[in-house]
Amino acid sequence: MTSIDERLVLETAAEYGVPGPVAQELMAGTRPCLYLVQHKEVPASLRENARPAARTGGLPALPDGAEWPEGREPLVLSVDCAALPHDALDIELPADGHLLFFTEISYPPESSVVLHVPAGARTTERAATYEFRGEAMETRVYEPRVLYPVPGLTLDSDRQEGPQTSEFLNGDGAEEALERFEEAVRDLAFGGQRAGACVQIGGFSESWDMAPDEGDLVLFAQMAGQAIDYTVYTMNLIVGTREDIAARHYPGLQYEQQT
């Protein structure tokens, strides 16, 4: 899983005026994630060995006999599970095959679906055109863009409620210092400056409203609209229990769109 050397964390904390005990308290509430970004956003130190693992948009390749999911939501993301870094997450994804994400990103979806296409399955690319009540219809197809996985680290939304952190935040300028430190830590885990609008697998959500990953629910994926279409300003979040995610019970996932 993604981690940062404790010595480096403490050195970074000192640089931003954050006490070591506060830094350690914050780091105890982290979760690893994978960011899926375009090649130009892969940190320079990782770019030479970067390998593609996902694609936005395009048309879905589905097993023979399988149809486009009911609701005809656009395909927004395809993930090659075998190309993801092993042991990078604390949720269980399939070791191989492809995950296909169907949902609306420009306005709240009426339906959303995640499908797993097993490795080796015979597939056929489906057309965007279809007939509905005798009329010719066409599902929106987003521009395909190749994405690369980069490990990252996320922080709990309740991270500032610990005793050490709460006491520190009573001081002048502490809030700004803490925010700068947290951003620096996330960049360190990413290996460079993190991408802005991107796709994230696992970790804590960076929701724009109430976080949906609470209680027994953990983040499966979040997709910034601009990571798929530069003109769309939404955040689609998918959450589920660890048990459903591990068992590939994707109908049990919950979907939320924030704007």
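Me: What does contact mean here, and which residues does His116 touch?

Reply: Contact means heavy atoms within 4.5 Å. This is a predicted model, where local features need pLDDT of at least 70, side-chain atom pairs count only at pLDDT 80 or more, and totals for chains, interfaces and linings use all residues. Residues are numbered from 1 along each chain as its sequence is written, and side-chain values use heavy atoms, with hydrogens and water left out. Leaving aside residues up to four places away in sequence, His116 touches Pro94, Asp96, Gly97, His98, Leu99, Arg248 and Tyr250.

Me: How many salt bridges are there?

Reply: A salt bridge is a side-chain nitrogen of Lys or Arg within 4 Å of a carboxyl oxygen of Asp or Glu. By that rule you get 12 salt bridges. One of them joins the side chains of Asp229 and Arg140, at 2.9 Å from N to O. That pair links distant parts of the chain, 89 residues apart.

Me: Is Asp229 buried or exposed?

Reply: Buried is under 20% relative accessible area, exposed is over 50%, and partly exposed is in between (1.4 Å probe, protein chains only). Asp229 is buried at 10%, while Arg140 is partly exposed at 46%.

Me: Which residues form a salt-bridge network?

Reply: Glu183, Arg186, Asp187, Arg194 and Glu206 do. Within it, the side chains of Arg194 and Glu206 meet at 3.2 Å, N to O. Arg194 lies in the loop between helix 5 (174–190) and strand 11 (199–201), and Glu206 in the loop between strand 11 and strand 12, so the pair ties together parts 12 residues apart in sequence. Arg194 counts as buried at 16% relative accessibility, and Glu206 as partly exposed at 32%. Helices (H or I, at least four residues) and strands (E, at least two) are DSSP runs, numbered from the N terminus.
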